[in-house]
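Visitor: I would like a close look at a single part of this model. Please keep it brisk.

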Amino acid sequence: MNNNEVSPEICCIGHITHDKVITPKFEAHMPGGTAYYFAKALSGFKDKSFKLVTAVGDDNKAVIDELKADGIDVTVLPSRNSVFFENKYSENMADRTQRVLAKADPFTVENLKEIKGNIFHLGTLLADDFSFEVIKDLSGRGVVSVDIQGYLREVVGDQVHPVDYSLKKEAMPYIHILKANETEMKVLTGEEDPYKAAKILAEWGCREILLTLGEKGSLIFAGGNFYEIPAFRAEEVVDTTGCGDTYMAGYLYKRGHGASYEEAGTFAAAMCTLKLQKKGPFNGSPQEVTTLMES
């Protein structure tokens, strides 16, 4: 790599998955994972500075071609397989059961040593995707943003089992931005109150904490201050898969453009609502998001 190459504002690192999604309204096979939903969410943002780093097997090469056709800068690391998830939703779309039918190779310090970025967003899917050493190494090269979900998922057989992140206290000082939902914050901190949970995570060393709370919106804790972000009303909830990834794409995009915590959170919430109303990833523009915010 050319050492004079300009670092992208956001570099998302994560596996693209082969997803089988089963809901009361439809059943489909589709690409998925944080890497996919995050990248697709930003594909229509012409003023973005964004790079995607992923690792897939031969079965997902067509998805890489699709993302490149969208104008996304993609680096593909070798992997024996792609992650194969089966996601099954009940009538309550917040309830999901998962099976893992195949796993991809983990990301390592060695295979990421040439990757550049100002913000590294780690889209964890399973507990062994990124080691603690990877977080430490990337934190010395840029801001590390982590979606904690994967660290709380352990695969036994083909079943996904919830676990705590054993190195959470060691890792938090190296994580600048952390996203967790209500269930994940309880596992991490033992607290059901998001205000108390956020303070605990901050005491462990994390500097910017985003807690997504479903219909109650989201809560951001940064610089010793809380920012309450209301949810926008969805006309119809069609597909919740990738909603959290869309939120983070919108949030990091706005923060990378100098927006305040509150402005970035509000933009992310609006973007998430637009995604909820359609099947598949968000494919809109910043203007559509702004229109919803102003309505």
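Visitor: How many residues lie between S13 and S14 in their hairpin, and which residue in the turn has a positive phi?

Guide: The hairpin of S13 and S14 has 5 residues between its strands. Gly214 is the turn residue with a positive phi, at about 65°. Keep in mind that this is a predicted model.

Now the strands themselves. S13 covers residues 208-212, and its pairing with S14 is antiparallel, over 5 bridges.

Look at its two faces. Ser218, Ile220 and Ala222 sit on one side, while Leu219 and Phe221 sit on the other. Both faces are covered, and these residues are all buried.

Next, move on to S15. S14 also pairs with S15, again over 5 bridges and in the antiparallel sense. Here Ala222 stands opposite Asn225 of S15. This hairpin has 2 residues between its strands. Its turn contains Gly223, whose phi is positive at about 60°.

Now step back to the sheet. S13, S14 and S15 are among the 9 strands of an open sheet with mixed pairing. Its order reads S5-S4-S1-S8-S9-S12-S13-S14-S15. The edge strands are S5 (73-78) and S15 (225-229), and each pairs on one side only. On average, neighbouring strands of this sheet are turned by 15° against each other, direction ignored.

Elsewhere in that order, S1 and S8 show parallel pairing. S1 (residues 10-13) runs parallel to S8 (residues 119-123), and 4 bridges join them. Ile13 stands opposite Leu122 of S8.

H1 is mostly covered, with 9 of its 9 residues buried. Among them are Tyr36, Tyr37, Phe38 and Lys40. Ala41 is also buried in H1. Thr246 has a relative accessible area of 0%, so Thr246 counts as buried, the cut-off being under 20%.

Notes: Residues are numbered from 1 along each chain as its sequence is written. This is a predicted model: local features need pLDDT of at least 70, side-chain atom pairs count only at pLDDT 80 or more; totals for chains, interfaces and linings use all residues. Side-chain values use heavy atoms; hydrogens and water are left out. Buried means under 20% relative accessible area, exposed over 50%, partly exposed in between (1.4 Å probe, protein chains only). Two strands pair if DSSP finds at least two bridges between them. Axes are lines fitted to C-alpha atoms, for helices over the stretch in contact, and angles run from 0 to 180 degrees between N-to-C directions.
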